[in-house]
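User: I am new to this structure and would like to learn how to read it. Please take me through it feature by feature.

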Amino acid sequence: MDGRRKKKEAVLTVEEALPYPFRMRPERTAVVVIDMQNDFCAPGGFGERLGNDIGPARAIIPVIASVLEAARSCGLFVLHTREGHLPDLSDCPPSKLARSRRQGAGIGDEGPMGRLLIRGEPGHDIVPELAPLPGEPVVDKPGKGAFYRTGLHSLLRRAKIESLVLCGVTTHVCVHSTLREANDRGYECLVLEDATAAFDPRDHEAAIRMVRQQGGIFGWTAKARDFISALSQNAAASG
Ligand code: TIU
């Protein structure tokens, strides 16, 4: 037409992914780090107050850090999410509030990192090791899924993203809710099994198995190192 040839976009493959190799175009792939906040990863936060062991959430911090380092060096789109509510709780469903109180982790109650699960409080901050870089979007969400009452879908569409690589906590709650919402919207999702965690490893294992069952009913799973090595092949190829 105008004589210009469209540049062919690279396609990378995570060969070890299950249930079969995961193919992605790096220019259309986003790494999504879900809810790696003090409220879920630090003592005295919402997660621990719910009665959970935060050990597994803390254990994935260095793994996610290595994923972020690789993704950033390849220029992948990186974004972060945080679960939390407005100080007046106007965006918190009464059902969620009542159940949190019943469990001894009342949303909005005072804790050692400020009010539990409230935007602007220290507990709501992302852990320092995984702090977003300037320019990386942070999507604040009132629900478990990152698409519900947020601008995430528009943000991803504007960036022409078609594939999501999911990290964060917890595998069976916010990661799965986001995965399912993303899957229904047509995104191809890869869940990094050692860069996601649940408070109870049994929940994590079950949630990971659910992703890839029935031929990848929600998407794919892989280890962080396999995703990183797929990215490094790209770096090697483009010199
Ligand atoms: N309770 C639990 O497992 N998770 C949450 O409440 N939120 C997220 O998973 N982020």
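Predicted model: local features only at pLDDT ≥ 70, side-chain atom pairs only at ≥ 80, totals over all residues.

User: What share of the 239 residues counts as buried?

Analyst: The share is 50%. As for the surface, the protein exposes about 11,300 Å², and carbon and sulfur atoms supply 51% of that area.

User: What part of the contacts with a separation of 6 or more comes from residues 24 or more positions apart?

Analyst: Such residues account for 73% of those contacts.

User: How many positive and negative side chains does the protein have?

Analyst: There are 31 positive and 30 negative side chains. The centres of the two sets lie 6 Å apart.

User: Next, the aromatic rings. What describes a pair of them?

Analyst: Two values do: the distance of the centres and the angle of the planes. In this structure, a search of the whole model finds 4 aromatic pairs. In one of them, the rings of phenylalanine 40 and phenylalanine 46 have centres 6.0 Å apart and planes at 85 degrees, so this pair is edge-to-face. An angle over 60 degrees is what counts as edge-to-face.

User: Are phenylalanine 40 and phenylalanine 46 buried or exposed?

Analyst: Phenylalanine 40 is buried, with a relative accessible area of 7%. Phenylalanine 46 also counts as buried, at 4% relative accessibility. A tilted pair is formed by phenylalanine 147 and tyrosine 187, at 5.9 Å centre to centre and 35 degrees between the planes.

User: Where in the chain are phenylalanine 147 and tyrosine 187?

Analyst: They are 40 residues apart, and the pair links distant parts of the chain. Phenylalanine 147 is in the loop between β7 (138-141) and α6 (152-158), while tyrosine 187 is in the loop between α7 (171-184) and β9 (188-197). Phenylalanine 147 is buried at a relative accessible area of 7%, and tyrosine 187 is buried at 4%.

User: Which residues form one aromatic cluster?

Analyst: Tyr20, Phe22 and Trp220 do.

User: Which residues are joined by cis peptide bonds?

Analyst: Proline 19 is in the loop between β1 (12-14) and β2 (22-24). Another cis peptide bond joins valine 169 and threonine 170, with omega about -20 degrees. Threonine 170 has its place in the loop between β8 and α7.

User: Which residues other than glycine have a positive phi?

Analyst: Leucine 117 is one of them, with phi near 55 degrees. Leucine 117 is found in the loop between β6 (114-115) and β7, and is buried at a relative accessible area of 0%. Arginine 149 has a positive phi of about 55 degrees. Arginine 149 lies in the loop between β7 and α6 and is exposed, with a relative accessible area of 56%.

User: Last, where is alanine 131, and what is in contact with it?

Analyst: Alanine 131 is in the loop between β6 and β7. At 35% relative accessibility, alanine 131 counts as partly exposed. Leaving aside neighbours within four places in sequence, alanine 131 is in contact with Arg72 and Ile126. From alanine 131 to glutamine 37 is 94 residues in sequence and 9.6 Å in space, C-alpha to C-alpha.

Notes. Residues numbered from 1 in each chain as written. Heavy atoms only, no water. Buried < 20%, exposed > 50% of the residue type's maximum accessible area, 1.4 Å probe, protein only. Contact = heavy atoms within 4.5 Å. Areas by Shrake-Rupley, 256 points an atom, 1.4 Å probe, with all protein chains shown as cover. Lys, Arg positive; Asp, Glu negative; His and termini not counted. Charge placed at Lys NZ, Arg CZ, Asp CG, Glu CD. Phe/Tyr/Trp six-rings, centres within 6.5 Å; stacked < 30°, edge-to-face > 60°. Helix = DSSP H or I, 4+ residues; strand = E, 2+ residues; numbered from the N terminus.
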